[in-house]
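Hi everyone, thanks for coming. Today I'd like to walk you through one structure, step by step. Please have a look at it first, and then we'll talk.

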Amino acid sequence: MWFAVWSLLVVGTLVGAFFLGRRLWRSVVELGRELARAGEAAGTLAARAEELAEIAARERPDTSATLLADRDELREVVLRLRAARRARRDLRAERHADVARGWRAYWT
């Protein structure tokens with residue numbers, strides 16, 4: 001009688017270990033696939049970051065000394081920068097107003 005009970009326990013344990021091992025193997029294989037995909041994404045991200053760094057380096061404004069530059073030219077630069085800043089501020093205010101109108105329409 002005890003031989004049958006112990007045999008059943010051992011066989012049940014081996015079957016359970018088989019299913020657990022199979023699930024663990026499948027999880028490891030899936031982890032490997034995800035790590036490969038993450039590696040590809042990281043490579044793409046690194047390439048894109050390098051492109052953006054190059055673009056930023058090309059578009060970086062000139063910050064050289066302007067101590068002896070023509071005052072009229074400098075004044076024009078300042079006026080252009082102020083106009084651009086004003087345009088960005090107005091655009092931001094308009095977007096903010098659109099969002100506020102949308103929220104008011106949603107909640108009323």
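Let's begin with a definition: a residue is called buried when its relative accessible area is under 20%, exposed when that area is over 50%, and partly exposed in between, using a 1.4 Å probe and protein chains only. With that in mind, how many of the 108 residues of the protein chain count as buried? The share is 0%.

A word on where this comes from. This is a predicted model, in which local features need pLDDT of at least 70 and side-chain atom pairs count only at pLDDT 80 or more, while totals for chains, interfaces and linings use all residues. Residues are numbered from 1 along each chain as its sequence is written, and side-chain values use heavy atoms, with hydrogens and water left out.

Now the overall picture. The protein chain has 2 helices and 0 strands; helices (H or I, at least four residues) and strands (E, at least two) are DSSP runs, numbered from the N terminus. The chain is more spread out than a compact globule, because its radius of gyration is 33 Å, well over the 13 Å that the globule rule gives for 108 residues. That radius is taken over C-alpha atoms, and the globule rule is 2.2 Å times the number of residues to the power 0.38.

Along the principal axes, the C-alpha atoms of the protein chain fill a box of roughly 105 × 50 × 20 Å. Met1 and Ala83 are 82 residues apart along the chain, and their C-alpha atoms are separated by 95 Å. Ala36 and Trp103 are 67 residues apart in sequence, with 43 Å between their C-alpha atoms. Ala36 belongs to helix α1 and is partly exposed, with a relative accessible area of 44%.

The protein chain exposes about 10,500 Å², and carbon and sulfur atoms supply 65% of it. These areas come from the Shrake-Rupley method with a 1.4 Å probe, and for residues only the protein chains shown count as cover.

Which residues make the nonpolar surface patch of about 670 Å²? They are Met1, Trp2, Val5, Trp6 and Leu9. Patches are made of residues with over 30% relative accessible area and no salt bridge; like charges are joined within 9 Å, and nonpolar side chains (Val, Leu, Ile, Met, Phe, Trp, Tyr) within 5 Å. Met1 lies in the segment before α1 and is exposed, at a relative accessible area of 80%. Val5 sits in helix α1, which covers residues 2–58, and is partly exposed at 32%.

Arg82, Arg85, Arg86, Arg88, Arg89, Arg92 and Arg95 gather in a patch of positive charge on the surface. One of them, Arg95, has its place in helix α2, residues 71–107, and counts as partly exposed at 47% relative accessibility.

What about charge in the whole chain? There are 20 positive and 15 negative side chains, and the centres of the two sets lie 9 Å apart. Here Lys and Arg count as positive and Asp and Glu as negative, while His and the chain ends are not counted. Each charge is placed at NZ of Lys, CZ of Arg, CG of Asp or CD of Glu.

Last topic: salt bridges. A salt bridge is a side-chain nitrogen of Lys or Arg within 4 Å of a carboxyl oxygen of Asp or Glu. How many does a search of the whole structure find? It finds 6 salt bridges.

Let's start in helix α1, where Arg33 and Glu30 lie 3 residues apart, about one turn of the helix. Their closest N and O atoms are 3.2 Å apart. Arg33 is exposed at 54%, whereas Glu30 is partly exposed at 37%.

Glu51 and Arg48 also lie in helix α1, 3 residues apart, and their side chains meet in a salt bridge of 3.2 Å, N to O. Glu51 is partly exposed at 40%, and Arg48 is partly exposed at 43%.

Finally, Glu94, Asp98 and Arg101 are linked in a network of salt bridges.
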